[in-house]
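Please read the two chains below with the structure open beside you.

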Amino acid sequence: MLERLNILIAAGPRTAEAWLARMARPGAGAREQAGLMAWLEADPDHLRQYEQAKADQAALEPLRGAFAGDLAALRRTERKTAVTRRPLFAGGLAMAAVAAAVVLVPMLNGAEQGRLYEAAPGRITDIALDDGSRVTLDAGSAIRVKMADDARRATLERGAAYFEVAHNTARPFQVAVGDRRVIVTGTRFVTALTGDGAQISLLQGRVAVGTRDVTAKAALDGALTLSPGERADFQPGKPGIRKTAADVEIATAWRKRRLVFQDAPLSAVVAAVARYSDHPLILADPVLGRTRVTVVLPLEGEDALEDRMAALLPIRIVQDQDGRRLIRAE
Amino acid sequence: MNRLRADLVAYLLRKTRGAGDAEDVVQEAFVRFHRAGHDLNSADARPLLFVIARNIQLDRWKSDGRESARRSAHDIHDLDNGPRAIASETPDAETGLIRRQDLAAAAAVICALPPKTRDAFLLHRFEALTYRQIAGRLGVSVSMVEKHIAEALRQLKKSRGD
C-alpha cells in the first residue's frame, strides 16, 4: 500500500518504457533506483513489462545494418546543420553545438584542405583511409587528410592519432604535427599534441621529422630520424627537438581504453582528460600544471573521467557559472 | 557486489521477520538476474535484484504453504492476478526475441517516429551515445532526450507481436 502511495506522490514514470528511458539517464542514482523499485513492487506484472521492454530494445540489434544509412546521414546532416546554422546562433552557442556533436565526417572542404576526420569527446574512433592506411583517433581528436598523386598528407589538428601507414614508397605519407612534418613510407607510429608540446613515438618502421613538405627539395635535410622505440618531443613553432626513448605502452595506452602518465606534468593529464569530457577543463593555476604526476586512468567507468582523475590526484574540480570546470590544488 | 549481496540478504530477512534461506534466495536471484540478460553495472541492477529476490521468496512461501500466514492482505489479492513474474526464464527462446516480421514492424515504427524522436533513439540504441551527448547533438535538454527515448519505446511496444 505504502509503495502505491509513494508512486502517486512521486509522480515518476508510470510505464515500463518510461522507466527504461529514465534509468538510462546519466545521473540515474539512488532516487531513481528507489522509484523503480517502488514501481516494480506496485504491480506483480511490472517486472515482466520492464524486462519485456528491455528485451525488445536488445532484440533490435539486427536492425543496426538497416539504419546504418540513417546514422551516417545523421552524422552528415548534423555537421551541415551545425555549420549552416552558425550565423543564426550567437558565436559561442554555435561553437558549443559543434563541440558537443559526435562526428566522424569525411567532408570535402575544398581540395586545398582535404577531408576532416573528428572523434567526439569520449569516443576513440577507427578510420580506414583510401590508400589502405589505418588511423585510430583518440577521443576529441581530429586529423585532416589530403591524398594527392605525389604524396599522402595528414595534419594532426588536435589530440592524438595512431597511424598504421600502408607501404608505398612512390607516394610517401606525411603527417604534419604543428610546424613539423613526419615523413614515412610505411610504418606504425603515434602522434600527439598535448597541452604544452607535441610528441611522435615510433613503434615500427622508420620516420623522419623535419620542417619541410615531403615534396620539397632536400625535404629530409636536417630532419631527425627516429627508429622503433624512439620518441621525438618538441614545442610547435619553436626550434629544437629532443629524441628520447619512447614508452610505447604509455604512448598507445589510450588505444587500450586507458590513459597512462608516468612522471608527466599535470597539464598534460588535464589536456588528455579534457578530450574525454563534455565540459572544458581549465587549470586554475599554471604552477599547478607543472606538478609531476604518475597515474593510470581507465577510460571506462560509471562516473565521469574527470571525477576519477580528481579522485586519484591531489586536485579538486570546481564548476564556475559558465559550466567550465576549474581545477585547483586540493 | 558483496555489499549488494549483503544488502539483499538484510532486506529479505527484514521482510521475513525471521531467519531462513535468505542467502539461498539471493543466490537464485543472481542466477535469474543474469539469465534475464541484465547487467550488474546498469543503474537498474539494484532494484531489479531486490524485486526478483523478493518474488522468489514469495514463491517459496507459496509452495511451502506458509504463505497465507505470512502475506499481507493486499499481497493475497495480488495473487489472484496469476503467478508472479520472477524474471524471464529464457528471454530469447520465445518471448524475448522479436521474430522477423516483428523486426520489420519495429523498423517501420522507428522510421515513422517524429524526426527528433527517431534521431534520439537511433543515437541511443545504435551509437550508444549518452543522453548528454544526444542532447548536445540535437540541441535539446537531457530531459527532452529521455522523453524522446520513452516515446520511441512506447511506439515500439505497439509493434510487438503479442
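The model is predicted. It scores ipTM 0.75 and pTM 0.43. Chain A has a mean pLDDT of 77, with 84% of its residues at 70 or more. Chain B averages 75, and 70% of its residues score at least 70.

The table lists them, with their contacts beyond near neighbours in sequence.

| Stretch | pLDDT | Contacts in the model |
|---|---|---|
| Chain A, residues 1–10 | below 50 | eleven |
| Chain A, residues 80–111 | below 50 | 46 |
| Chain B, residues 67–98 | below 50 | 57 |

Where pLDDT is low, the predicted coordinates should not be read in detail.

## The seven-stranded sheet of chain A

Strands of a sheet pair through backbone hydrogen bonds, either parallel or antiparallel. Which sense does the pairing take in the sheet of seven strands? The pairing is antiparallel, and the sheet is open, with the order β2-β3-β6-β9-β10-β13-β14 in chain A. Two strands stand at the edges: β2 (125–128) and β14 (241–245) of chain A. Each has a single partner strand, so one side of each is left without a neighbour in the sheet. On average, neighbouring strands of this sheet are turned by 20° against each other, direction ignored.

β2(A) pairs with strand β3 (residues 134–137) of chain A over four bridges, in the antiparallel sense. Here A:A128 stands opposite A:R134 of β3(A).

Now move to β9 (residues 188–194) of chain A. This strand is mostly covered, with five of its seven residues buried. β9(A) has partners on both sides in the sheet order, β6 and β10. Strand β6 (residues 160–164) of chain A pairs with β9(A) in the antiparallel sense over five bridges. In that pair, A:A160 has A:A192 of β9(A) as its bridge partner. β10 (residues 197–204) of chain A is joined to β9(A) by seven bridges, also antiparallel. How many residues lie between β9(A) and β10(A) in their hairpin? There are two residues between β9(A) and β10(A).

In a regular strand the side chains alternate between the two faces of the sheet.

## The three-stranded sheet of chain A

Further along chain A comes another open sheet. Three strands form it, in the order β16-β19-β18, and the pairing is mixed. The edges are β16 (281–283) and β18 (315–319) of chain A. Each of these has a single partner strand, so one side of each is left without a neighbour in the sheet. Neighbouring strands here are turned by 35° against each other on average, direction ignored.

One pair in this sheet is parallel. β16(A) and β19 (residues 325–329) of chain A pair in that sense over three bridges. A:I282 has A:L326 of β19(A) as its bridge partner.

Two helices contact these strands. Helix α9 (residues 266–274) of chain A lies across β16, β18 and β19, running at about 170° to β16(A). Helix α11 (residues 305–312) of chain A packs on the sheet too, touching β16, β18 and β19 of chain A. The direction of α11(A) makes about 140° with that of β18(A).

Why is α9(A) described as largely enclosed by the rest of the structure? Seven of its nine residues are buried, so the helix is largely enclosed. Among the buried residues are A:L266, A:V269, A:V270 and A:V273.

Chain B has nine helices and zero strands. Of its 162 residues, 49% count as buried. Its accessible surface comes to about 8,100 Å², and 52% of that belongs to carbon and sulfur atoms. Take the contacts in chain B between residues at least 6 apart in sequence: 54% of them join residues at least 24 apart.

The largest nonpolar core holds 61 residues. Which of them touch the most other members? They are A:Y50, A:L60 and A:L63. Helix α3 (residues 45–64) of chain B supplies the largest share of this core, eight residues.

A:L60 reaches into chain B. Beyond its neighbours within four places in sequence, A:L60 is in contact with B:L103, B:A106, B:I110, B:F121, B:R125, B:F126 and B:L156.

Terms used: Residues are numbered from 1 along each chain as its sequence is written. Chains are lettered from A and ligands numbered from 1 in the order in which they are written. This is a predicted model: local features need pLDDT of at least 70, side-chain atom pairs count only at pLDDT 80 or more; totals for chains, interfaces and linings use all residues. Side-chain values use heavy atoms; hydrogens and water are left out. Two strands pair if DSSP finds at least two bridges between them. Axes are lines fitted to C-alpha atoms, for helices over the stretch in contact, and angles run from 0 to 180 degrees between N-to-C directions. Contact means heavy atoms within 4.5 Å. pLDDT is the predictor's confidence in each residue, from 0 to 100. Buried means under 20% relative accessible area, exposed over 50%, partly exposed in between (1.4 Å probe, protein chains only). Accessible areas come from the Shrake-Rupley method with a 1.4 Å probe; for residues, only the protein chains shown count as cover. A nonpolar core is a set of buried Ala, Val, Leu, Ile, Met, Phe, Trp, Tyr and Cys residues joined through side-chain atoms within 4.5 Å.
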